[in-house]
Amino acid sequence: MLEKPAYKIQQFGVLLNLLRDRQNFLEEIRQNVRLQSKISSLFVTSSIFFGIYGAIIGASHSFAQALSGAIKLPAFYLLTLIICFPTLFFFNVLFGSRSSIQQHFVVLLTAVSVISVLLFSLAPVTLFFMITAPDSYQFFKLLNVLIFGITGIFGVKFLYEGMQLLSQLDEVGKKTRTTILRSWLFLYAFVGMQLGWFLRPFFGAPGSQFELFRAVKGNFYLDILQAMSEIFG
């Protein structure tokens with residue numbers, strides 16, 4: 001009976017180690033220490049945090065949308081990672097990286113996990129505005145775009161530091177790999193925005209029926225401009 005709670009505590013313990021001592025955590029990745037357990041633990045815990053936040057933003061529309069958000073938000077971050085990961089890994093290997101595919105993946109997963117924790121920490125703020133401003137759909141949408149943007153920036157910063165530490169001993173091609181990493185971060189952002197648009201809705205427009213997915217038309221940027229014009233006139 002005690003095995004399952006102990007397992008859950010162990011899963012969250014890996015994430016706590018990452019948050020409390022990220023330098024040592026990244027150093028363990030560089031030294032190939034317990035990579036498989038790190039992958040499984042970070043995957044489980046980040047999925048839970050993303051699921052909670054996805055349920056909150058979906059709850060602004062309906063229970064069905066909350067359930068959909070709890071599934072789609074973790075899938076969104078994982079799919080973005082899977083789509084962009086091969087590009088970073090193979091380009092790094094081509095230009096001198098000796099780090100394994102597992103090491104690369106764990107570093108990316110740590111960045112995603114940091115984003116999930118930051119989203120979870122901002123969940124009470126999102127819930128507060130959802131309750132106190134239930135009719136301000138465009139404001140709620142822009143608020144969450146801002147939250148996703150801020151948490152994404154911190155996640156990217158963590159990823160950049162992690163990849164730099166990972167390639168510390170690989171001096172050959174290091175400058176080129178740094179340039180590749182910076183370019184890849186823009187690719188990651190664009191893929192993420194497009195995938196998010198493809199998987200929408202996460203919120204659900206007021207007065208509309210529940211939709212698991214919407215028809216692919218328009219784009220993310222025009223939608224944000226429309227939301228801003230409605231708020232600021």
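Modeller: Start with touching: contact means heavy atoms within 4.5 Å. Keep in mind that this is a predicted model. By that cut-off, Trp184 touches Cys84, Phe85, Thr87, Leu88, Leu108 and Leu159, leaving aside residues up to four places away in sequence.

Colleague: What makes up the protein chain, in helices and strands?

Modeller: There are 8 helices and 0 strands. Along the sequence the pattern reads α-α-α-α-α-α-α-α.

Colleague: Why is α6 called roughly antiparallel to α7?

Modeller: Helix α6 covers residues 137–166 and helix α7 residues 174–199; they pack at an angle of about 160°, with axes 11 Å apart. Angles over 145 degrees count as roughly antiparallel. The angle is over that limit, so α6 is roughly antiparallel to α7. Their crossing is right-handed.

Colleague: Which residues make the contact of α6 and α7?

Modeller: From α6 come Val156, Leu159, Tyr160, Met163 and Gln164. From α7 come Thr178, Leu181, Arg182, Trp184 and Leu185.

Colleague: How do these contact residues divide into nonpolar, polar and charged?

Modeller: The contact of α6 with α7 has 7 nonpolar, 2 polar and 1 charged. Arg counts as charged, and Arg182 is in the contact.

Colleague: How do you know that Phe25 is buried?

Modeller: Phe25 has a relative accessible area of 4%. Buried means under 20%. The value is under the cut-off, so Phe25 is buried. Phe25 lies in helix α2. Phe25 touches Val14, Asn17, Leu18, Lys38, Leu42 and Thr110, again not counting residues up to four places away in sequence.

Colleague: How far apart are Phe25 and Gly162, in sequence and in space?

Modeller: They are 137 residues apart in sequence and 9.6 Å apart in space, C-alpha to C-alpha. For the protein chain, take the contacts with a separation of 6 or more: residues 24 or more positions apart account for 76% of them.

Colleague: What share of the protein chain counts as buried?

Modeller: Of its 233 residues, 43% count as buried.

Colleague: Which residues have the most contacts inside the largest nonpolar core?

Modeller: Ile29, Tyr77, Leu108, Leu159, Met163 and Trp184, in a core of 53 residues. At least two residues each come from α1 (3–20), α2 (22–30), α3 (35–58), α4 (63–94), α5 (101–132), α6 and α7. Helix α5 gives the most, with 13 residues.

Technical notes:
Residues numbered from 1 in each chain as written. Predicted model: local features only at pLDDT ≥ 70, side-chain atom pairs only at ≥ 80, totals over all residues. Heavy atoms only, no water. Axes fitted to C-alpha atoms, helices over the stretch in contact; angles between N-to-C directions. Helix = DSSP H or I, 4+ residues; strand = E, 2+ residues; numbered from the N terminus. Parallel < 35°, antiparallel > 145°, perpendicular 65-115°, else oblique. Left-handed = near helix turned anticlockwise from the far one by under 90°. Core = buried A, V, L, I, M, F, W, Y, C linked by side-chain atoms within 4.5 Å. Buried < 20%, exposed > 50% of the residue type's maximum accessible area, 1.4 Å probe, protein only.
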